[in-house]
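Dear colleague,

Please find below the structure that I am handing over to you. My notes on what was found in it follow directly after.

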Amino acid sequence: MADAPVFAVVGHPNRGKSSVVATLSQNDSIAIAMEPGTTRESHAYPLTVDGDVLYTLIDTPGFQRPRKVMAWLQAHSASASDRPDTVRAFYLQHRDDPQFHDECELLRPILEEDAGIIYVVDGSVPYSPANEAEMTILQWTGRPSLALINAIGPDDHSDDWEKALGQYFRIVRRFNAVTAPFDQHLGLLRGFGQLEHRWEDRLTLATGHLQAQRQQRRDDAADLMAAALGDMLQMRVSGRVGEHDDRRAVRQRLQQKWLDAQRQRERQLRKSIEGLYRHHRLQRQEDDLYWQDEDLFSEHSRALWGVSRTYLATMGFGAGALGGVGIDALTFGTSLGAGALVGGVLGAAGSYFYADRLARWSLGPLHSGGRELRYGPVADLQFGYVILGRALNHWHQISHRNHAGRGPVQLDQTGARWLAHLSRDDQKGLQAMLQRLAKGSGDGRAASRYRPVILAAMTAFSEWQEASLHATINQEYI
């Protein structure tokens, strides 16, 4: 996109400027530290969609000596009409002066690149008149500008900030760079379009591109989930067992190989989803997907994400689809006797026991070196719900995570209750899809065939998350 808008993100040191840049540029590589003065040079971060630059954000150093700068400007300005020229004169005279390095570096994109201004303050600290020198300097540049109140700490002084900022900026928004929803990102772009008419068409186009990108990512995530479901439900491993081999040991090796391959495929799905949303440097609470109580094959995961025999039968499979697996009556994540299967988090022996019931064993033809022993595909369709529930949980957290976030990914323990937000037809469609994939009649690589089913599941999961959040908030006020 030619002549894409440029925005300089400015403010006092350690007030969340880099966080705002990271979120609005969808770039989690930007350094965010609590120490003042982390950013010493201006850096440009373009946001691109399909190769087009929609806009560029410039992360700048913080003000260090705004009162001295303001004193110089006032001493050299004759009237309001010469203020932009006076700011430029200060910049040209002092850009090689170490004393005013940071001020000149933050003014450079405003003066040389015709950048709009995004002024960021920390709403968790009290308003101080000391900020007025900064705001006045920015006002003197004559450039279109808006202010963001980005509360970093637990306290909230946003009301005072809002009153003060409103005297210097036409648009003042509260914007938490870590938690702000997508609609707020678009609202900032529309706000700048109101301030600078020559950017209005470009920013309207940019918001359209970002909305289309978000929908495309959702479609692509659905395809990735469908492909992973197909691969995991149809997964098979095999090994040769000779006449004198310990068959139990061979079976255990094959089961462990199958379990590890399933975990690896889930890990691959998660990395793909994270890459899709440009999250490349995530921390996790879990270590390589082996959480406490939260491994793919733990009893807790099964109890949380599994469904009941009754549910399976009602949706069209019948109890026989369970293939003899011994968990009874798991309804929307509420355990009514799941502990009888293994009794606690599954260790190695428990995993073998569980795996022995989870997938099918078969023997290949007899050869001179022995027979081929095969393990897979999945026989228990509940496992499909466990895979999908965990995948939806992860996708929802990643798709709603801003790029300023530096904390670990904390996956919710929502459980299978999200299924209640699917229509009856969608529930049946989901179960029919799992059945086809488990039987091998659906190719997981032709994932777009199942996209509508997965998209409906994604919508239901998001609705459940939103309903759960509202219920939590309401409880806090009771």
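Helix H2 passes helix H3 in a right-handed crossing. Please bear in mind throughout that this is a predicted model. The axes of H2 (residues 66–76) and H3 (residues 83–94) come within 10 Å and cross at roughly 120 degrees. Since angles of 65 to 115 degrees count as roughly perpendicular and those over 145 as roughly antiparallel, H2 is therefore oblique to H3. On the H2 side, the contact involves Val-69, Trp-72, Leu-73 and His-76. These residues meet Thr-86, Val-87, Ala-89, Phe-90, Gln-93 and His-94 of H3. By class, the contact of H2 with H3 comprises six nonpolar and four polar residues, with no charged ones.

Of the residues in the contact of H8 with H14, seven are nonpolar, one is polar and none is charged.

H8 also takes part in the lining of the largest pocket, to which H1 (17–25), H7 (182–195), H8, H13 (382–399) and H15 (451–477) each supply at least two residues. The largest pocket holds about 1400 Å³ of space. Its lining consists of 44 residues, and those nearest the centre of the pocket are Thr-179, His-396, Ser-399, His-400 and Arg-401. Which helix gives the most to the lining of the largest pocket? It is H15, with nine residues. Sorted by class, the lining of the largest pocket has 20 polar, 15 nonpolar and nine charged residues.

The peptide bond from Gly-376 to Pro-377 is cis, with omega near 5 degrees. Pro-377 is placed in strand E11, which covers residues 370–378. Asp-114, although not a glycine, has a positive phi of about 60 degrees. This residue, Asp-114, lies in the loop between helix H4 (101–112) and strand E4 (116–121).

With kind regards

Methods:
Residues numbered from 1 in each chain as written. Predicted model: local features only at pLDDT ≥ 70, side-chain atom pairs only at ≥ 80, totals over all residues. Heavy atoms only, no water. Nonpolar A, V, L, I, M, F, W, Y, C, P; charged D, E, K, R; others polar. 1 Å grid on protein atoms, 1.4 Å probe; cavity = no way out; pocket = protein on both sides within 12 Å on 5 of 7 lines; lining within 4 Å. Points joined across faces, edges and corners; volume = space filled by probe spheres on them. Helix = DSSP H or I, 4+ residues; strand = E, 2+ residues; numbered from the N terminus. Axes fitted to C-alpha atoms, helices over the stretch in contact; angles between N-to-C directions. Parallel < 35°, antiparallel > 145°, perpendicular 65-115°, else oblique. Left-handed = near helix turned anticlockwise from the far one by under 90°. Contact = heavy atoms within 4.5 Å.
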